[in-house]
Amino acid sequence: MHKTVDVSVDAMLEDLRTLVEIESPSRDIDALTASANAVATFLENRLGGRARLVASEAGPHVHWSGGGDPKVLILGHHDTVFPLGTLARRPFKVEDGHATGPGVFDMLGGLVQAVHGVASLDDRSGVEVLVTADEEVGSHASRALIEERALACGAVLVAEGAADDGGLKTGRKGCGTFQVTITGRASHAGLEPAAGVNALVEAAHQVLDIAALGRPDIGTTVTPTVASAGTLDNVVPAEATVIVDVRVESADEKNRIETAFAALAPHLPEAKIAVQGAVGRPPMPESASADLFAVAQRLVPGLTGKAVGGGSDGNFTAALGVPTLDGLGAVGGGAHADHEYLVVAAMTERAQLIAGLVDAIAHA
């Protein structure tokens, strides 16, 4: 580490408690507005200056700038996947070296660590912090702002949770969701089944065709995840839907998969197929993180990095050619699950790592 920066674990935990105890489920505009105000207050208290709320159809994003020529963007989000009421069932607490509660790992803990790291620096010029309101639901209302600030700053540090071993995330797959809707024709299953067009049977054909698009040998996974069809047990189903999760490692595979979904054709005469969706988050190649990861390894010898299947807003910034390093947030696990946790003992080193990276990028 370039130097030991002064960060207080107790202060970080108190700020984390404040943010966790203001629930912020995606798409709940009232809850996200309260959360955004709390994030803005947190940024102002720890970093000085003014934090700006950026209104969007998904809820307010929060942007803070240390002034001067922008050099590095710290990127995070304040929405979580947990519905209102989760806190009552799973309140924030710290015991046995772990902090638990909705959003501690994904990703409020990483946000707190990053801000405390920046706060430890005497010179915060060139630093921007952007905390969005819709990462968990696709970042449709924040993508343009993320891309604008990333291009302006020229380097991005993503405060998402660390990899399983506490390492950084040096690459991410592109990811997207497709919905395939099959339209058939209803008829009485007993009196005249042949008069119908069975959307469920067509869906079964489509599921097999879709699953066959996967190429796990080159990192492409195509996973049908949710299906629905039919209305009553004596009616030939007139409609069915299939939802599919897609992950890819390259732009070529993104194009192949999107073309293949567009070309899906029915097997049954008179069945019709409509497809919605895309690989909305482009892949984050490991080349995008190489230079920044080398800096991180100099700061923390032995630090590991790995490419992972999940996506983040870092996918967007890397796709622009902006150097991007991810997984700089909390060490822990259980993202999106009831056993979500943050390792308290790792908080200081992670805050120091952010401080060292910011100092190296912005003040070189």
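## Ala355 and the basis of the model

Ala355 lies in helix α10 (residues 347-362); helices (H or I, at least four residues) and strands (E, at least two) are DSSP runs, numbered from the N terminus. The model is a predicted one, in which local features need pLDDT of at least 70 and side-chain atom pairs count only at pLDDT 80 or more, while totals for chains, interfaces and linings use all residues. Residues are numbered from 1 along each chain as its sequence is written, and side-chain values use heavy atoms, with hydrogens and water left out.

With a relative accessible area of 0%, Ala355 is buried, where buried means under 20% relative accessible area, exposed over 50% and partly exposed in between (1.4 Å probe, protein chains only). Ala355 and Ala162 are 193 residues apart along the chain, and their C-alpha atoms are separated by 16 Å.

## Aromatic and charge-ring contacts

The structure holds one aromatic pair. The ring centres of Phe178 and Phe261 are 4.0 Å apart and the planes stand at 10 degrees, so the pair is stacked. Rings of Phe, Tyr and Trp (its six-membered ring) pair if their centres lie within 6.5 Å; planes under 30 degrees apart count as stacked, over 60 as edge-to-face and the rest as tilted. Distant parts of the chain are linked by this pair, since Phe178 belongs to strand β9 (residues 174-183) and Phe261 to helix α7 (residues 251-262), 83 residues apart. Both Phe178 and Phe261 are buried.

A charge also sits over a ring: the charged end of Arg90 is 4.8 Å from the centre of the ring of Phe82. The criterion is NZ of Lys or CZ of Arg within 6 Å of the ring centre and within 35 degrees of the ring normal.

## Largest pocket

The largest pocket has a volume of about 900 Å³. On a 1 Å grid over the protein atoms alone, a pocket is an open set of points with protein on both sides within 12 Å along at least five of seven lines, a cavity is a set where a 1.4 Å probe fits but cannot get out, and lining residues have an atom within 4 Å of a point. Grid points are joined across faces, edges and corners, and a volume is the space filled by probe spheres set on the points.

Of the 37 lining residues, Glu135, Cys175, Arg247, Arg281 and Gly311 are the closest to the centre of the pocket. Cys175 is buried, with a relative accessible area of 11%. Strand β14 supplies the largest share of the lining, four residues. By class, the lining has 10 nonpolar, 14 polar and 13 charged residues; Ala, Val, Leu, Ile, Met, Phe, Trp, Tyr, Cys and Pro count as nonpolar, Asp, Glu, Lys and Arg as charged, and the others, Gly among them, as polar.

## Cavities

The count comes to two cavities of 30 Å³ or more. The largest cavity holds about 50 Å³ of space, and its lining includes Phe82, together with Leu19, Val20 and Pro102 among others. Six nonpolar, two polar and one charged residues make up that lining.

The second largest cavity holds about 30 Å³. Among its lining residues are Glu135, His77, Glu160 and Asp313. Strand β3 (residues 72-77) gives the most to this lining, with three residues. The classes here are two nonpolar, three polar and three charged.

## Cysteines

The structure holds zero disulfides (pairs of cysteine sulfur atoms within 2.5 Å). Cys153 is buried, with a relative accessible area of 6%.
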